[in-house]
Amino acid sequence: MIVLVTGGNRGIGREVCRQLAALGHTVLLTARSPEAAAKELGVESLRLDVTSGDDIAGVAAAVSERYGRLDVLVNNAAIAYDSWQRASSADLDVVREAAETNLYGPWRLIQALLPLLRNSEHPRIVNVSSEAASLAGMGGGTPAYNTTKVALNALTRMLAAELRGDGILVNAICPGWVATDMGGPGGRPVAEGASGIVWAATLPDHGPTGGFFRDGRPLPW
Ligand SMILES: NC(=O)c1ccc[n+]([C@@H]2O[C@H](COP(=O)([O-])OP(=O)(O)OC[C@H]3O[C@@H](n4cnc5c(N)ncnc54)[C@H](OP(=O)(O)O)[C@@H]3O)[C@@H](O)[C@H]2O)c1
């Protein structure tokens, strides 16, 4: 399979690239600075800032030219776990900036790569979300992060419905609390957080679509 991962240079994204490469898949590690991690993992790299329309167009063109198709897109890159903010007083510029990376980035990338996903026999889209986006359990805090991940979940549901007929499985995955730069110390190891994403990236054709999962088990919306 040909798999493209965003934010693959560190954290969970890098580990997803490592695990998928170990399974024998062709991994396109994308990031704002992808070279060092790609070299370490022995995978291909493409420069991609998900907020850049030019980068997105360049990546779509490069994948089209090299492979003519894409099997899996993993939208992993995200920012702004804004634990310093409350919704009642949040700086909306921070919210807007978060939306550029956490929502519009994946959305635009999906649109640009859909023709290539449609050329795949087993296309999948994995949107890396968070239980923080679960409306069922939502309280206050981290407003930029939560609202943008809720919107990413909504996008997941809509795309799953719209693309079901094309056989494209679209799911939202929470990696759990993971010890990364974003998660901070105390979380579980990246290998455990990444494995649920790899599960969604490698689902069989009869696998679920339009779901929200952690470790392969459903989460409440
Ligand atoms: N860690 C947790 O506990 C946890 C829990 C739930 C969900 N998640 C989700 O898991 C995913 C990965 O998180 P993480 O913990 O690995 O975070 P992380 O260590 O902070 O890494 C974030 C990644 O996103 C990339 N990124 C940020 N803005 C970007 C942009 N404009 N274009 C391209 N790449 C960009 C970063 O690249 P740079 O190096 O260039 O900044 C980095 O590779 C995120 O979607 C996050 O919301 C994490």
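**View 1. The shell around the ligand, sorted by residue type.** Sort the shell around the ligand and you get 13 nonpolar, 13 polar and four charged residues. Here Ala, Val, Leu, Ile, Met, Phe, Trp, Tyr, Cys and Pro count as nonpolar, Asp, Glu, Lys and Arg as charged, and the others, Gly among them, as polar. What you're looking at is a predicted model, where local features need pLDDT of at least 70, side-chain atom pairs count only at pLDDT 80 or more, and totals for chains, interfaces and linings use all residues. Residues are numbered from 1 along each chain as its sequence is written.

**View 2. Who sits around the ligand.** In all, 30 residues surround the ligand, with G7, G11, A78, T180 and G183 the closest (near means a C-beta atom, placed from the backbone, within 6 Å). Helix 1 (residues 11-22) gives the largest share of this shell, three residues. Helices are DSSP runs of H or I with at least four residues, strands are E runs of at least two, and both are numbered from the N terminus.

**View 3. Strands 2 and 3, side by side.** Strand 2 (residues 26-31) and strand 3 (residues 44-47) run parallel, joined by four bridges; strands pair if DSSP finds at least two bridges between them. Look for L29, whose bridge partner in strand 3 is S45.

**View 4. Stepping back to the chain.** The chain has six helices and eight strands, and its C-alpha trace spans about 50 × 40 × 30 Å along its principal axes.
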